[in-house]
Amino acid sequence: MITLGIETSCDETGVALYDGKRGLLGHALYSQVELHAQYGGVVPELASRDHVSKLLPLIQQVFDKSGITGKDVDGVAYTAGPGLVGALLVGAAAGRSLAWTWGVPAVAVHHMEGHLLASMLEANPPGFPFLALLVSGGHTLLVEVEGVGRYRLLGDSVDDAVGEAFDKTATVLGLSYPGGPALAALALEGDPGRFRFPRPMTDRPGLDFSFSGLKTFALNTWKACDKTGQDRADIARAFEDAVVDTLFIKCRRALEQTGLGTLVIAGGVGANQRLRARLGELMEQQGGRICYPRPEFCTDNGAMIAYAGFCRLKAGQAESLSIKAAPRWSLEDLPAVDSCR
Ligand code: KG4
Ligand code: ZN
């Protein structure tokens with residue numbers, strides 16, 4: 001069963017073809033980063049317009065490279081939320097319409113479920129149940145995962161998502177948008193002993209997160225120092241250490257609380273090397289397993305949407321002819337799927 005996956009929830013146009021027998025047949029991504037960098041963040045209207053011009057050529061490109069045509073497609077999966085409504089509508093309208101034209105079902109995919117299942121695309125995928133840490137530009141979630149569509153939200157962000165905190169702190173340090181990867185690179189030059197930032201909400205029980213105070217802490221530290229290159233690197237390191245430590249503490253707590261032995265990291269910040277290394281140590285201490293997608297499938301992509309959609313289409317789930325776009329949508333509201341095989 002060949003599923004076309006379409007991702008347009010934010011500033012990346014992603015397309016992929018997933019086959020139940022052969023796995024991923026092809027994928028392509030167009031990033032709008034340069035378009036938004038001059039504004040210091042994503043401009044929703046510009047994002048929608050760019051998806052409109054890039055999506056169909058990108059689908060054609062993936063078809064050509066995979067040797068597939070519309071006639072071979074058995075179903076279409078499009079990201080229906082959460083995300084920017086205008087951007088979502090582009091992929092949803094195109095995906096729904098193509099499915100109608102081809103006479104195949106279409107399914108609306110939850111963007112965070114895509115992230116959560118992305119490590120299933122790797123050679124040695126995690127088995128259920130597992131704990132998922134979803135760390136992206138819009139979300140910071142700890143989820144107990146019993147199976148596809150069987151999600152219990154354990155922790156959520158009360159303010160800025162962790163990726164957002166990375167990007168805002170990067171802006172404070174004069175790095176261009178999206179600053180997460182640049183901040184992580186700068187942190188490599190930083191002295192870990194120079195500044196100590198707080199580990200927010202770790203001194204009380206619970207699994208929720210708050211990262212907006214760290215950005216303010218970075219700003220105040222920056223204002224109070226000489227603003228040398230080394231100061232920037234030391235602040236970047238202190239910020240990254242505080243984030244990674246906080247996520248480490250909350251993951252350890254969630255593992256204790258649930259008794260789960262597998263941790264899956266996903267979402268753009270899941271590409272962060274220091275985070276991967278520290279959580280790797282945690283799972284080694286626990287005698288458990290850690291899984292994450294390859295870095296390009298941590299950030300937004302079409303492959304994760306094609307896979308999540310494939311699981312749901314395989315289970316007979318599909319949308320009506322109306323086009324679904326849900327800017328706000330809880331993972332806990334998704335229907336369960338028994339098996340993706
Ligand atoms: O999952 P994603 O591509 O998009 C959303 O669904 O939001 O995540 C993007 C976020 C951005 O905030 C970006 O700065 C951050 O992930 N990011 C990183 C790294 N790579 C991407 N943050 C820290 N370290 C990285 N290596
Ligand atoms: Zn994402």
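## Surroundings of Gly23

Once its neighbours within four places in sequence are set aside, Gly23 is in contact with Leu17 and Tyr18, a contact being a pair of heavy atoms within 4.5 Å. The residue belongs to strand E3, which covers residues 23-31; strands (E, at least two residues) and helices (H or I, at least four) are DSSP runs that are numbered from the N terminus. Gly23 has a relative accessible area of 15% and therefore counts as buried, where buried means under 20%, exposed over 50% and partly exposed in between, with a 1.4 Å probe and protein chains only. Between the C-alpha atoms of Gly23 and Glu122 there are 9.8 Å, although 99 residues separate the two along the chain.

This is a predicted model, in which local features need pLDDT of at least 70 and side-chain atom pairs count only at pLDDT 80 or more, while totals for chains, interfaces and linings use all residues. Residues are numbered from 1 along each chain as its sequence is written, chains are lettered from A and ligands numbered from 1 in the order in which they are written, and side-chain values use heavy atoms, with hydrogens and water left out.

## The chain as a whole

The protein chain contains eleven helices and ten strands. Its radius of gyration is 20 Å, close to the 20 Å that the globule rule gives for 341 residues, so the chain is as compact as a globular protein of that length; the radius is taken over C-alpha atoms, and the rule is 2.2 Å times the number of residues to the power 0.38. Along its principal axes, the C-alpha trace spans about 65 × 45 × 30 Å.

Of the 341 residues, 56% count as buried. The chain exposes about 14,000 Å², of which carbon and sulfur atoms supply 51%, the areas coming from the Shrake-Rupley method with a 1.4 Å probe and, for residues, with only the protein chains shown as cover. Among contacts between residues at least 6 apart in sequence, 73% join residues at least 24 apart.

His111 and His115 are separated by about one helical turn because they stand four residues apart in helix H4 (residues 111-117). Both are buried: His111 has a relative accessible area of 6%, and His115 has 1%.

## Salt bridges

The structure holds 19 salt bridges, each defined by a side-chain nitrogen of Lys or Arg within 4 Å of a carboxyl oxygen of Asp or Glu. In one of them, Glu144 pairs with Arg152, and the closest N and O atoms are 2.6 Å apart; Glu144 is buried at 11% relative accessibility, whereas Arg152 is partly exposed at 47%. In another, Arg150 pairs with Asp338 at a closest N and O separation of 2.8 Å. That pair links distant parts of the chain, since Arg150 lies in strand E8 (residues 150-155) and Asp338 in the segment after helix H11 (303-314), 188 residues apart. Arg150 is partly exposed at 37%, and Asp338 is exposed at 74%.

Asp245 forms a salt bridge with Arg278, whose closest N and O atoms are 2.4 Å apart. Asp245 is in helix H8 (residues 229-258) and Arg278 in helix H9 (residues 273-286), so the pair ties together parts that are 33 residues apart in sequence. Asp245 is buried at 17%, while Arg278 is partly exposed at 23%. Elsewhere, Asp160, Glu164, Lys168 and Lys215 are joined into one network by salt bridges that share partners.

## Surroundings of Asn272

Asn272 sits in the loop between strand E9 (262-266) and H9, and with a relative accessible area of 8% the residue is buried. Beyond its neighbours within four places in sequence, Asn272 is in contact with Phe166, Ala184, Glu240 and Val244.
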